[in-house]
Each structure stands twice: as C-alpha cells, then as structure tokens.
Amino acid sequence: MTTRVHLERDGDVALIVIDNPPINAGSAQVRRGLLAALDTLRRDASLHAAVLIGAGNTFIAGSDLREFGQPLEEPQLPDVIAAIENCGKPVVAALHGAALGGGFELALGCDARVASPGTVVGLPEVTLGIIPGAGGTQRLPRLVGVPRAIQMVCSGERVPSGQALAWGLIDQEAVGDLRAAAVAHARDLRGAKSRLRDRSVPTPDADAVVAASTVALKAGKQRPAVRAAIEAVISASRLPIDQGLAEERAVFQQLRISREAHALRHQFFAERDAAKQPALAGVAPHSVQRVLVIGAGTMGSGIAIAALDASYDVTLLEQDEAALQRGVTRIREHYASRVLAGKMKTSVAAQREAHLSATTDWTVMAQADLVIEAVFEDLAVKQAVFRRIDNMARQGAVLASNTSYLDLDAIAQVTQRPQDVIGLHFFSPANVMRLLEVVRGAATAPDVLATGLALAKRLHKLPVVTANAFGFIGNRIYSAYRRQCEFMLEEGAYPEQVDAALEAFGFAMGPFAVADMSGLDIAWRMRQAQAARRDPAARYVHIPDRLCEAGRLGRKTGAGYYLYEAEAGAKGRQTDPAVREIIDAASAAKNLTRRALSVEEIQRRALLSMVNEAALLLGEGVAQRPSDVDVVLTNGYGFPRWEGGPLFWAVDRGEQALQSDLDWLGEVSGPGFVRGDVKHLWTKGN
Ligand code: NAD
C-alpha cells in the first residue's frame with residue numbers, strides 16, 4: 001500500500017483511509033493505494049465489509065487537475081470503481097468536508113454513502129470543460145433520475161448533506177462520529193452488495209428531460225461540455241451500463257485535451273495563484289471586526305452587505321441623512337428580497353441587519369478597525385475625506401479607498417500614515433462580484449496589504465494584487481479596449497457590429513452596450529478632467545463626446561449608442577439612425593473613408609488592445625503575473641472564461657505571431673499608440 005492510503009481494522013470491517021493532504025485529491029498514488037487496499041479486502045476472509053474514508057478535513061474534494069493535461073497514469077479511476085464493484089464485499093463511503101468530482105464518482109461506486117452534516121457533494125467537471133469520466137453520468141441518474149442528474153452535472157452544483165439526503169444522494173446523515181456510523185452501516189449490509197450499476201434508471205418523463213436540458217444549455221451558454229453531459233446522462237437511460245460507461249469515458253478523454261478544458265484549467269490555477277503573495281510570508285494581518293463604510297451609495301451599500309454576510313460589525317457613515325437612509329433602505333430591501341426568494345431564513349437576515357448601524361456622526365470613526373471609503377469619484381472629495389479619517393481613526397486602523405481610477409498615493413499623501421492606506425477596488429454589485437483588486441500604494445505596509453488579502457478571504461472574494469496606476473489592472477485594460485473599439489467606429493464599423501462581433505467571441509456584452517448600461521457621463525467627465533494633460537498629437541475619437549453633448553448618456557436617458565424602449569430590458573437595444581449620423585460625421589470630419597470591418601478584424605483588434613495594455617502593465621510591474629490579468633478580465637469584465645483570459649489567448653498565438661500582431665495594431669491605431677513588450681507574457685511565467 002502507498003503512503004497515501006492505509007488500511008485499519010475495526011473487527012471485521014476494513015477502514016480504507018485516504019490520506020493525501022490538503023484536500024485528499026485523487027491522484028495516481030491514491031488510486032494505486034485504493035486498489036491495493038481493495039485487494040486485501042477481497043482476499044482476507046476475516047474482513048466482511050469496508051468503509052472508505054478521508055483523513056483530515058475532507059473526503060476526496062476533487063482530482064489532481066494537473067493530471068488532466070497529460071496522458072493519464074494507470075490505474076485510472078474507473079479501474080478503482082470496478083474493483084469496488086467486483087470485490088464481493090460491501091463498501092461504504094464515509095463522507096465529510098467535500099466529495100466532489102472523482103471523489104463523488106468514487107462514492108457512487110460504493111454500496112452506500114454516509115455523510116457528516118455539512119458535507120457537500122457534486123460533480124463540477126462541466127465547469128472545467130469536461131464531463132465526469134468515471135461513471136458519474138451513468139450512476140447518478142440511477143440514483144436520482146435523468147432530469148435531476150442533468151441539472152446536477154451541468155451546473156456543477158455543490159449539494160449540502162441535508163439536500164443530498166432528501167434527494168437520495170446519500171443514505172444516511174451521521175450526526176455523531178462519522179467513522180462509527182459508517183462502520184455500523186457497513187455491518188448492517190450483512191455482506192450484501194448494493195451496486196448502482198445493477199439498478200435501472202427510473203423511466204424519465206420526456207417533458208422534464210427537455211425542460212432540464214433547456215435550462216442547463218441556457219445557463220451553460222451552450223458550451224460543448226454541457227451538451228456532452230446532457231447526452232451522456234440521457235444515454236444512461238438507453239444503453240446497457242457498460243456501454244454507457246465506455247461512451248462516457250471516450251467523451252471525457254476527448255474533452256479533457258480540448259483547448260476549452262485547457263483554458264478552464266488555466267483559469268482554475270490562475271484564480272488559486274492570484275491570492276498567493278510569497279513576499280507576505282510570515283506577515284500577520286491586522287485583526288478586523290469593526291468595518292466602517294463611508295458613503296452609502298451603490299458601492300458603499302454593496303460593500304456593507306458583503307461585510308455583513310461575512311459577520312463583520314458594519315457602520316455606514318454618510319454626509320447627509322437622506323443619502324444615509326437610502327443606503328440603509330437598499331440594504332434592508334436586499335435582505336428582504338433574499339428572504340422572499342427563499343434564499344435566506346428570516347432569522348439569518350435579522351441577524352445580519354442587527355450587525356449594521358448607520359450614522360452621520362463622524363466620531364464613530366474611532367472604533368473602526370477598517371475604514372472603507374466609497375464616496376464620489378473625485379480626488380478633492382476623497383482627499384478631504386481622508387484628512388478627516390486621518391484625524392479621527394485610531395492608530396493601527398487600516399484605511400481603504402474604493403476608487404476606480406484615482407491615484408491612491410495622492411489620496412494616501414494627505415494623511416500622516418500613508419503606510420496604512422490601501423485600495424480595495426470592489427466591483428458592482430459589490431456583494432455579488434467575486435473580484436477584488438487590492439491596490440498596493442507606494443507606501444502601503446506589508447501588514448496592511450496582508451489585511452486586505454485576509455479581508456478578501458473572509459468575504460469569499462477573489463483578490464488580485466495590483467500596484468497603484470490609473471485604472472489599476474482592469475479599468476486600464478478595459479479603457480484601452482474601449483478606445484480601440486471607438487477607433488473602429490471611426491474607421492467604418494457601427495456599434496451594433498462591434499458589439500455583435502465581441503458577443504460572438506463570447507463577451508457577456510459588447511463594449512457599447514456596456515457603456516450605455518454604465519452611463520456615458522462618467523467617462524465623459526473623466527475625459528474632461530484629463531483634457532489638459534492629453535497628448536494633442538494622439539488619436540482622439542470625438543464620437544462619445546458628441547453623444548453626451550446630444551444628451552445621450554446611455555440607458556438611463558433612454559438613448560446612448562443605442563435607443564432603448566422604456567420596458568424592453570437589456571436586450572431591448574435598437575439601432576438608431578441618429579447615432580449613425582454622428583459616427584459618419586465624425587469620420588468625415590477626419591477625412592476618413594469608411595470601410596467595412598470584418599468580424600475577425602474587430603475581434604482581433606479588440607483582443608490585441610487588451611494584450612498590449614497588459615504587456616505594458618506587466619512591464620511597469622502594476623500586474624504581477626500574466627495569469628492575474630486573466631483573472632481580472634474574466635471575473636470583472638465579461639471576458640469568456642472558456643477562452644482562458646486575454647493572455648491565455650495571446651500566449652496560444654505564439655511569440656512571433658504576437659510580435660507582428662502588435663506591429664499591425666500599432667499601425668491601425670495611429671498616433672499615441674504605446675507598444676507593450678510581449679516578452680513579459682512569457683518571462684513572468686504565464
Ligand atoms: P454613489 O454616487 O452611488 O455613492 C456615493 C455616496 O457617497 C453618496 O451616497 C454620497 O452622499 C456619499 N458621499 C459623497 N461625499 C461624501 C462625503 N464627503 N462624506 C460622506 N459621504 C459622501 O457612487 P458609487 O457608484 O457608489 O461610487 C463610489 C465609489 O466607488 C467611487 O469612487 C467609484 O469610482 C467607486 N466604484 C464604483 C463602481 C460602480 O460600478 N458604481 C465600481 C467600482 C468602484
């Protein structure tokens with residue numbers, strides 16, 4: 001037996017213990033160990049049953065994803081499950097923590113499943129661009145029927161133990177000692193096998209199958225893995241199990257080496273790596289319990305909800321009573337709607353709200369461990385607020401700004417303690433979006449940065465550390481991308497063509513639809529503020545200014561790049577001849593002969609503009625790693641996850657091709673284009 005799996009005995013029951021910290025990931029060594037243990041079980045006449053259990057905090061919480069990009073090592077998981085099914089003695093899976101992916105497939109190969117309260121089970125493979133490959137799509141429908149299996153496999157939902165019991169995914173919830181309960185359960189089986197493979201799939205209701213498939217395809221954006229998963233689950237009801245298993249395995253093998261699965265694994269590792277800051281090893285974060293949020297607008301109230309949900313004590317501070325009440329109402333309405341939707345118990349909502357206080361009295365500042373400023377995006381306003389914070393906050397408190405674009409150092413410098421100032425750039429809605437840019441100012445102390453990361457962890461956010469620079473990582477790249485899209489308007493494209501091309505690539509929304517949604521006036525004000533500093537020789541597209549001057553500020557005014565019907569929803573955008581006139585006039589004013597731009601050219605220029613800006617950010621040390629850029633763009637800006645992020649896309653093109661791509665981008669962009677060095681995409685270890 002390998003060191004990853006060992007065998008203990010409880011009388012006539014073998015305990016097969018998987019010990020592969022930290023998450024007991026299924027690996028070749030674990031599989032070899034399991035086979036050896038099962039061989040002992042089969043041969044030892046004094047053993048009548050076995051319990052499969054994880055050491056530490058969890059059962060097998062997933063597979064070792066690194067294996068998926070290479071030829072799989074023997075024995076493979078289906079071999080282990082076949083050994084359980086064919087060993088002649090019952091095997092009970094004892095689950096705690098998480099039994100996910102291959103871990104849950106292994107449990108489905110056992111004769112019964114016992115779980116501790118709080119365990120989660122599920123098959124998240126589809127979110128990684130593959131399908132379960134060790135019988136998940138064949139055994140699960142035998143347990144819960146085809147429609148529910150489609151829903152579970154396609155969503156990758158993590159099902160908590162109570163729900164799992166109600167659905168029949170587990171046989172028993174063990175309130176006391178899991179190990180003892182599983183051993184007792186194994187003895188109760190009295191030597192009888194109870195294999196899912198021997199059960200038939202409940203005859204599916206055709207309408208329910210269609211309904212589940214439709215929902216899954218829509219939610220899963222029609223991705224290949226979702227389609228394949230639906231087909232595999234449905235075939236479980238049509239094919240003999242061995243044929244179903246063989247077909248499932250073949251599809252799994254095909255998908256796991258697909259570009260899409262590779263991209264999604266890249267995202268998985270990129271997100272995991274983003275929070276890693278080796279330079280902070282051994283640096284202790286400040287302890288934070290009382291959070292003060294200044295500004296109760298869109299962001300302030302969202303941040304307050306996120307903090308309340310993570311059990312912080314939260315105080316909202318505003319400049320005027322009316323704005324404060326609007327913020328408090330927004331928070332109350334949020335919790336009321338959660339309760340109404342059945343997503344939160346009344347008692348939990350009440351508990352969260354009980355930890356909220358709201359005031360216009362600035363003396364509350366003295367009690368805060370962490371202050372988060374979310375007032376208007378205006379340097380002078382923020383500096384004035386930080387002077388007050390500096391006067392009133394206790395020494396050692398962490399002082400954060402939620403600025404989107406402003407110079408964090410210019411904010412920090414008005415205080416006597418710039419080392420305590422940090423940027424926490426939340427995304428809207430702040431209680432929903434996982435991405436959090438943690439901005440390290442020139443003076444930010446390591447323990448303050450560590451506090452930002454600890455906060456992110458407690459809020460269940462996805463932190464990406466960035467240095468201080470205009471727009472940090474995300475907004476700066478997005479600005480370059482939007483600018484490039486504006487160039488294309490001037491050269492011959494119309495907003496709907498650019499948006500359609502980028503939506504076809506996979507963006508959740510094209511840049512002009514996004515601009516209309518956010519409001520065109522924010523960027524307008526910013527351009528006005530920067531006008532004096534702009535290089536007069538650089539190419540400048542006047543179209544957005546003309547739209548704003550015509551009162552077209554986006555959806556909120558019923559018109560922007562598009563025209564909006566009052567009640568038509570986000571998709572209700574309509575092409576407007578008046579916009580075409582503004583665009584045509586802008587081209588004519590620069591003596592540009594308008595030409596048709598292909599979908600391919602629009603996509604290529606838009607993506608290359610992101611890549612170029614990212615190369616600049618990496619060169620300047622604003623972004624630490626190429627993979628951080630991918631995390632930001634996919635989690636904050638609607639870049640399609642299954643494309644891995646702009647730099648995954650770029651690296652795939654190869655360095656030579658990318659060099660000439662950027663030469664070309666420079667030519668079409670014209671004066672003012674600053675070329676990034678693509679070597680950073682490779683040398684910084686993507
Ligand atoms: P908002 O206008 O909705 O809210 C700002 C609030 O701050 C208002 O309620 C206002 O009364 C209050 N305020 C203004 N000056 C104040 C002062 N001196 N003292 C106390 N309160 C004051 O704005 P928002 O969209 O929530 O944006 C707030 C900050 O968050 C900005 O820096 C913005 O750039 C940033 N941000 C916004 C978004 C977004 O999508 N809206 C996303 C990320 C970051």
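**Figure 1. Cysteines in the predicted model.** Cys154 is buried, with a relative accessible area of 8%. The model shown here and in the other views is predicted. Cys110 is buried as well, and its relative accessible area is 0%. Which cysteine sulfur is closest to that of Cys110? It belongs to Cys87, and the two sulfurs are 9.1 Å apart, too far for a bond. A disulfide is a covalent bond between the sulfur atoms of two cysteines. The pair would have to lie within 2.5 Å to count. By this rule, the number of disulfides is zero.

**Figure 2. Domains of the chain.** The domain assignment places domain 1 at 5-257 and domain 2 at 288-472. Domain 3 covers 475-683. The centres of domain 1 and domain 3, taken over C-alpha atoms, are 45 Å apart.

**Figure 3. Glu613 in helix H24.** Glu613 sits in helix H24, which runs over residues 599-620. Residues up to four places away in sequence are set aside for the contacts of Glu613. Beyond them, Glu613 touches Arg476, Ile477, Ala480 and Arg483.

**Figure 4. Helix H26 and its packing.** Helix H26 spans residues 646-653. Its buried residues are Pro646, Leu647, Phe648, Trp649 and Ala650. Which helices do these buried residues pack against? They pack against helix H11 (259-274), helix H19 (495-505) and H24. Helix H25 (626-636), helix H27 (655-669) and helix H28 (679-683) are also packing partners. Gly654 follows H26. The phi of Gly654 is positive, near 95 degrees.

**Figure 5. The second largest pocket.** This pocket holds about 320 Å³ of space. Two elements give two or more residues to its lining, helix H12 (298-309) and helix H13 (321-340). H12 gives the most, with three residues. The lining has 13 residues. Nearest the centre of the pocket are Asn431, Val432, Leu459, His460 and Lys461. By type, the lining residues divide into five nonpolar, three polar and five charged.

**Figure 6. His460 at the pocket.** His460 is among the lining residues nearest the centre of the second largest pocket. It is found in the loop between H17 and strand S17 (462-467). Phi of His460 is near 60 degrees, a positive value in a residue other than glycine. His460 counts as exposed because its relative accessibility is 67%, over the 50% limit.

Figure 7. Rolling a probe the size of a water molecule over the atoms shows where empty space is left. How many cavities of 30 Å³ or more does a search of the whole structure find? The search finds two. The second largest cavity holds about 30 Å³ of space. Leu370, Val398, Leu424, Thr451, Gly452 and Leu455 line it. Helix H17 (residues 446-458) supplies the largest share of this lining, three residues. Four of the lining residues are nonpolar and two are polar, with no charged residue.

**Figure 8. Thr360 between two strands.** Thr360 lies in the loop between strand S12 (356-359) and strand S13 (370-373). At 32% relative accessibility, Thr360 is partly exposed. Neighbours within four places in sequence are left aside for its contacts. Thr360 is then in contact with Leu317, Glu318, Asp320, Glu321 and Leu324. How far apart in space are Thr360 and Asp19? The distance is 54 Å, C-alpha to C-alpha. In sequence, Thr360 and Asp19 are 341 residues apart.

**Figure 9. Two cis peptide bonds.** A cis peptide bond joins Pro21 and Pro22, with omega about 5 degrees. Pro22 lies in the loop between strand S2 (13-18) and helix H1 (28-43). Another cis peptide bond joins Ser428 and Pro429, with omega about -5 degrees. Pro429 is in the loop between strand S15 (421-426) and strand S16 (435-440).

**Figure 10. Lys221 in a loop between helices.** Lys221 lies in the loop between helix H8 (206-219) and helix H9 (224-236). Phi of Lys221 is near 50 degrees, a positive value in a residue other than glycine. Lys221 is partly exposed, with a relative accessible area of 49%.

How values were computed
Residues are numbered from 1 along each chain as its sequence is written. This is a predicted model: local features need pLDDT of at least 70, side-chain atom pairs count only at pLDDT 80 or more; totals for chains, interfaces and linings use all residues. Side-chain values use heavy atoms; hydrogens and water are left out. Domain bounds come from an automatic or database domain assignment. Helices (H or I, at least four residues) and strands (E, at least two) are DSSP runs, numbered from the N terminus. Contact means heavy atoms within 4.5 Å. On a 1 Å grid over the protein atoms alone, a cavity is a set of points where a 1.4 Å probe fits but cannot get out, and a pocket is an open set with protein on both sides within 12 Å along at least five of seven lines; lining residues have an atom within 4 Å of a point. Grid points are joined across faces, edges and corners, and a volume is the space filled by probe spheres set on the points. Ala, Val, Leu, Ile, Met, Phe, Trp, Tyr, Cys and Pro count as nonpolar, Asp, Glu, Lys and Arg as charged, and the others, Gly among them, as polar. Buried means under 20% relative accessible area, exposed over 50%, partly exposed in between (1.4 Å probe, protein chains only).
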